[in-house]
Amino acid sequence: MAFGEFDGGRTSARPMAEINMIPLIDVMLVLLVIFIITAPLLTHAVKIDLPKASSVPNLTQPDHVQLAIDADGRIHWNGERVDRAVLRERLAAAAGQAPQPEVHLRADRTTPYQAIAGVLADSAAAGMTRIGFVSEPEATRSR
């Protein structure tokens, strides 16, 4: 930092445009020391004796219904063969249960889509909201 000029005492009309950084650095270092000293004092915790809760969540798993449709379009409810009228009654009864059961729909590979769509429409009309398709993965071929 230059505080004077080399021109032999002549003063110029320009103001000095440099900022003296040393006082700013001193203030920053003082603040840093203050924060280092006071930071451990702020981390002290208040000990509180909280009550102990002994509740166990009630996890009720909903049942599931196995619906199977074979290649001829016959419907099976948990392995028992039923017709469309009985299927609608059972779906309506299952939709009214408190934890609504899941419907696992299995269909033969050659089942016409019309039979599957009819069962899906009956399930939706009864109010069933949890319907899943069950399929078996193809066997891996060894080469």
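Modeller: Please keep in mind that this is a predicted model.

Colleague: How many bridges join strand E2 to E3, and in which direction do the two run?

Modeller: Strands of a sheet pair through backbone hydrogen bonds, and they may do so in a parallel or an antiparallel way. Here strand E2, which covers residues 75-77, is joined to E3 by three bridges, and the two run antiparallel.

Colleague: In what order do the five strands of the open sheet lie?

Modeller: The edge strands, each pairing on one side only, are E3 (80-82) and E5 (131-134). The twist from one strand to the next averages 30°. The pairing in this open sheet is mixed, and the order of its strands is E3-E2-E1-E4-E5.

Colleague: Which helix packs on the sheet, and what angle does its direction make with that of E2?

Modeller: Helix H2, made of residues 84-95, packs there and touches strands E1 (64-69), E2, E3 and E4 (102-107). Its direction makes with that of E2 an angle of about 35°.

Colleague: Does Asp 122 count as buried or exposed, and why?

Modeller: Asp 122 lies in helix H3, residues 113-126, and its contacts beyond four places in sequence are Arg 84, Leu 87, Arg 88 and Leu 91. The side chains of Asp 122 and Arg 88 are joined by a polar contact of 3.3 Å. Because the relative accessibility of Asp 122 is 10% and the cut-off is under 20%, Asp 122 counts as buried.

Conventions: Residues numbered from 1 in each chain as written. Predicted model: local features only at pLDDT ≥ 70, side-chain atom pairs only at ≥ 80, totals over all residues. Heavy atoms only, no water. Pairing = 2+ DSSP bridges. Helix = DSSP H or I, 4+ residues; strand = E, 2+ residues; numbered from the N terminus. Axes fitted to C-alpha atoms, helices over the stretch in contact; angles between N-to-C directions. Contact = heavy atoms within 4.5 Å. Buried < 20%, exposed > 50% of the residue type's maximum accessible area, 1.4 Å probe, protein only. Polar contact = N/O pair within 3.5 Å; in protein donor to acceptor, adjacent residues only side chain to side chain.
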